[in-house]
Amino acid sequence: MQVVARLRGFSLMEVMIGVFLSTLLISGIVSLIGGSVSAYRLQLSQGQLEESSRYARDILISHIAPAGFQPEPWQDQAEIAALTGESVNGPISPGDQLGVQRWSQRNCYGSENPVLDDDGQPGFYLLQTRFLVNTENNLSMTCRYGPDATGLHTQINNFGLIENVESMHVLYAEDRDGDEIADGWVQAQAWQQEANIRAVKIALLMTTPTAFAQPVSEHITLLDETIVTTADGHLREVSTLTTAIRGRLK
């Protein structure tokens with residue numbers, strides 16, 4: 001007598017339970033992937049903020065530190081102020097402007113001056129730079145180069161160096177009693193003598209291009225100013241630097 005096995009399929013209830021469990025599993029996987037992607041984007045944006053901050057500090061220090069440099073007297077270059085009249089206080093946002101200058105054998109692009117001196121070396125020309133936060137929220141630079149203050153040519157005009165900078169604030173360390181030690185910090189043009197400014201302190205308010213957090217406004221202090229930020233969910237970071245004006249040291 002031959003026995004025939006009878007195949008039994010899934011019942012409707014079993015199918016529904018299987019679909020339900022599969023849906024839970026897929027939802028968990030999607031949620032896990034979404035959380036991982038969000039965490040990665042957040043970490044990437046924080047890393048970009050740090051990188052932008054380092055780059056901004058390097059650029060600013062490279063122009064502030066040698067400000068006021070004058071070659072040896074026999075070069076016949078006039079003694080100049082390290083800080084120009086373009087160093088002024090601005091509104092809380094986008095903040096202050098910084099203007100510096102020095103005598104340099106290299107122009108705004110870092111190329112040697114093609115005009116040679118009597119010794120066959122690149123001649124010293126005046127190099128002026130100005131930094132500010134422009135209307136596109138970029139830390140921008142304008143650079144001029146020429147034989148003297150009346151012969152400057154603009155080589156870089158309001159060029160955006162760093163994106164997503166909301167504000168820049170600047171203070172200046174002044175030595176008022178001539179002992180080569182700064183006595184306090186002052187705002188632009190509030191010093192007694194520009195020649196007594198020994199160092200510059202800058203704070204930049206950096207922001208991410210993408211919102212990550214709950215939209216809440218913040219009170220952020222930039223040196224001597226407090227800014228109330230927009231409630232937009234963007235991450236913000238304050239980047240600060242302090243550098244001596246070494247170019248005027250004798």
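**Close-up views of a predicted model**

**View 1. Strands β7 and β10 side by side.** Strand β7 (residues 197–211) runs antiparallel to β10, and ten bridges join the two. Look for V200, whose bridge partner in β10 is T243. Strands here are DSSP runs (E, at least two residues), helices are runs of H or I with at least four, and numbering starts from the N terminus. This is a predicted model, in which local features need pLDDT of at least 70, side-chain atom pairs count only at pLDDT 80 or more, and totals for chains, interfaces and linings use all residues. Residues are numbered from 1 along each chain as its sequence is written, and side-chain values use heavy atoms, with hydrogens and water left out.

**View 2. The open sheet around β7.** Four strands line up in the order β6-β5-β7-β10, with antiparallel pairing; two strands pair if DSSP finds at least two bridges between them. At the edges sit β6 (184–186) and β10 (234–244), each pairing on one side only.

**View 3. Two nonpolar cores.** A nonpolar core is a set of buried Ala, Val, Leu, Ile, Met, Phe, Trp, Tyr and Cys residues joined through side-chain atoms within 4.5 Å, where buried means under 20% relative accessible area (1.4 Å probe, protein chains only). The largest has 36 residues, and those with the most contacts inside it include L98, F131 and I202. Among the elements that each supply at least two residues of this core are α1 (12–64), β1 (98–104) and β7. A second, separate core of five residues includes A203, L205, I220 and L222.

**View 4. The whole chain, for orientation.**

Conventions
Buried < 20%, exposed > 50% of the residue type's maximum accessible area, 1.4 Å probe, protein only.
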